[in-house]
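Try each task before you read its solution.

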Amino acid sequence: MRQTCIIMGMPITIDVADRCAPALIAQCFAWFEAVDARFSTYKPESEISLFNAGQVAEADLSADMKDVFAIARTTSVETNGFFDMARPGGGVDPSGVVKGWAIKKAADMLVADGAQNFFVDAGGDIQSCGKNAEGEDWRVGIRSPFKLSEVIKIVAPRGQGVATSGTYVRGAHVYNPHAPQERLDDVVSITVIGPDVLEADRFATAALAMGKAGIYFIEGLEGFEGYAVNARGMATQTSHFGGFVV
Amino acid sequence: MKISEKLVLVFGGAAAMLVPHAAAQAVTLHDGTFTGGTYDAYYGNVQVKATIQGGQIANVQAVQFPNHSRTSRSINAQALPYLQQEVADAQSGKIDIISGATLTSRAYIKSLRDALNQSAK
């Protein structure tokens, strides 16, 4: 049973292959709505906006917000500052890790309810588990950065998380904090497969900000594989990425 | 730019400059051993020495490399990771899901909403 909703400004699809589970899927969508209400920097009444406005002290933040801040800070250290939730104009925007974190939590909710074969896809970042309705591995297509209707690679993540960061849809929505004015027009898309979708997402975001060095950064991370496409249509893959290709 | 600098860039990820496929705009390499400058490779400083024989890269050794973080560990082990490259061509085959950068344009969402509304009927 598959359903799609638009939440947080992006299509979110949940597919539970085990059974018809409308209440469970609705519960997951409600979770994403709650995340949006709490973490949206576009909503003046959200917890993150209140924090940025100085109306809530860090000590008084919700457990979810503290959890996300901790993940964002760890990611900043692990990527040598290439992931940074500090905004150029002041305040913080942890949205680079919120999506992966929210997907992971939604997947945890499905598992807690007994689902064994499912995927959660939020804006192209995916946590899958088990098999599809035909009993086969879930197959994820990597979208072409040049032609959105085209797929340039098909992978079976087999329970691992998949996330893609790119400059092609939003314009340069990721920037290099060490050189904010630099255009990242060389690498246009990088897909990361990691232990779970949160891990894949936070390192995909940072790797894109690194430009051409990003795929080498992923190569150096144990348990991660990547596929980067540059503006000229050349793809570079990490050593063991091929093991996921179907 | 001197050739030695170009070789250092290989480590930084600009391998496309010097490997097949992208090598069409040929760079002429002269034989010898060249040591590059020291560059910040984000996870620390990197400096390499390359040996060219017959106009081809015969060997690349890291003279200086970072060794303090988990990030750099496996890169160090290989000195120069050679990563496979290919042309990103369209693939066909059965897929369940698509991974791509977040699609947030209003036009896209509007159109998708229409499509979802239609498919919901």
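**Exercise 1.** Count the helices and strands of chain A.

*Solution.* Chain A has 6 helices and 10 strands. These are DSSP runs numbered from the N terminus: helices are H or I with at least four residues, strands are E with at least two. Residues count from 1 along each chain as its sequence is written, and chains are lettered from A, with ligands numbered from 1, in the order written. This is a predicted model, so local features need pLDDT of at least 70 and side-chain atom pairs 80 or more, while totals for chains, interfaces and linings use all residues.

**Exercise 2.** Work out how helix 4 and helix 5 of chain A are oriented to each other.

*Solution.* Start with the axes (lines fitted to C-alpha atoms over the stretch in contact, with angles from 0 to 180 degrees between N-to-C directions). Those of helix 4 (residues 95-112) and helix 5 (residues 197-209) of chain A come within 8 Å and cross at roughly 165°. Angles over 145 degrees count as roughly antiparallel, so that is what helix 4 and helix 5 of chain A are.

**Exercise 3.** Find the spans of chain A along its principal axes.

*Solution.* The C-alpha trace of chain A spans about 50 × 45 × 30 Å.

Terms used: Parallel < 35°, antiparallel > 145°, perpendicular 65-115°, else oblique.
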